[in-house]
Amino acid sequence: MRVLVVGVSGRLGKMLAKELVSSGHDVIGIDQRPLRESLAGVEVHAVDIRSRAAEEVFRSTRPHAVIHMATVAHLAVLTGDRHRNNLGGTRAVFEHSHTYGAEHVLFYGRHTYYGAASDSPLFHTEDEPPMGLSHFPELADLVAADLYAGSALWRYASFVTSVLRLVYTLGPTGHGTLAAFLRGSQRVPTILGYDPLFQFMHEHDVIGALVLALEKRPRGVFNVAGPEPVPLSVMVRETGRTSMPLPEFVLSASLGRFGFPKLPAGALEHIKYPVTVDDSAFRKTTGFSNTIDEVEAMRAFREAFPSRSPLSI
């Protein structure tokens, strides 16, 4: 099968491309970011997905399947470019896939779509709307991209659309928002009185889920998760860090200072309340089963990213 991976230069994008090549697929990659290592067997195009050059890649290669992994999730990146990339790039992927005859489009979404709030259900199902934007409007572009991808289910009947809302990743590559949060220091800031559940899966299981979805072609929106969620305090301890509980107003005032990440205030909701999902539909439809449990995932991250010296406040 000829597969086009949009976002191939990212850590997961490279892992996915290598796995697809080893499985016998013809792989094409698009990414405006430089590729810092060669990918044997992958035809890489360094272009912006919104450009005419990207459309030419679709026209000349005519992929059978397209995997869109190029949305920007890092909360520290809050610019107009991020919004244009997430929504405009997603629109371009689906339009070009329709125009040039793709049979399957797979959208890599995030479980943070549902938002973190005190009155949210413990496990979100796919039919629930995004409810966290009132507290965290900076997530609006990711939510909009997800909703646009979901609209392709009825907008484009010519191909199968699979929207996967994956939980956080954790493993030796250090990919993703959760890994970036933990990497910063020996002491991880938490909010006094709160210990939410965190749901994550090892990077190899993420790749396994994507490859399986490519094979099974499930039509619809699916939550994708791995092992059972664990409390934030346990995750901090098992990755070799120490929790630093602070009153919310202190932590809010410290963002971007004293070694803390520069994040919007709404990001604090995600270390107060859980965002956990019910992934039973994906498991039933595809037969997916994670191969790495939460203990192994946390240990792999700890070994790859030993803790640094403590913060000084």
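The largest cavity has a volume of about 80 Å³, the volume being the space filled by probe spheres set on grid points joined across faces, edges and corners. The structure is a predicted model, in which local features need pLDDT of at least 70 and side-chain atom pairs count only at pLDDT 80 or more, whereas totals for chains, interfaces and linings use all residues. Residues are numbered from 1 along each chain as its sequence is written, and side-chain values use heavy atoms, with hydrogens and water left out.

A search of the whole structure finds two cavities of 30 Å³ or more. A cavity is a set of points, on a 1 Å grid over the protein atoms alone, where a 1.4 Å probe fits but cannot get out; lining residues have an atom within 4 Å of a point. The lining of the largest cavity includes Thr 71, Phe 107, Tyr 108, Arg 110, Tyr 113, Leu 142 and Asp 146. Strand 5 (104-110) and helix 4 (140-155) are the elements that give two or more residues to this lining, and the largest share, four residues, comes from strand 5. Helices (H or I, at least four residues) and strands (E, at least two) are DSSP runs, numbered from the N terminus.

Tyr 113, one of the lining residues, also has the charged end of Arg 165 over its ring, 3.7 Å from the centre. Such a placement requires CZ of Arg or NZ of Lys within 6 Å of the ring centre and within 35 degrees of the ring normal. Arg 183 likewise lies over the face of Phe 305, at 5.5 Å from the ring centre.

Nine aromatic pairs are present, defined for rings of Phe, Tyr and Trp (its six-membered ring) with centres within 6.5 Å; planes under 30 degrees apart count as stacked, over 60 as edge-to-face and the rest as tilted. The rings of Tyr 168 and Phe 198 are stacked, because their centres are 5.8 Å apart and their planes lie at 20°. This pair links distant parts of the chain, Tyr 168 in strand 8 (residues 168-169) and Phe 198 in strand 10 (residues 197-198), 30 residues apart. Both Tyr 168 and Phe 198 are buried (under 20% relative accessible area, 1.4 Å probe, protein chains only; exposed is over 50%, partly exposed in between). Ring pairs also join Phe 94, Tyr 148, Tyr 156 and Phe 159 into a cluster.

Thr 239, in the loop between helix 7 (232-238) and strand 14 (242-246), is buried, with a relative accessible area of 0%.

How values were computed: On a 1 Å grid over the protein atoms alone, a cavity is a set of points where a 1.4 Å probe fits but cannot get out, and a pocket is an open set with protein on both sides within 12 Å along at least five of seven lines; lining residues have an atom within 4 Å of a point.
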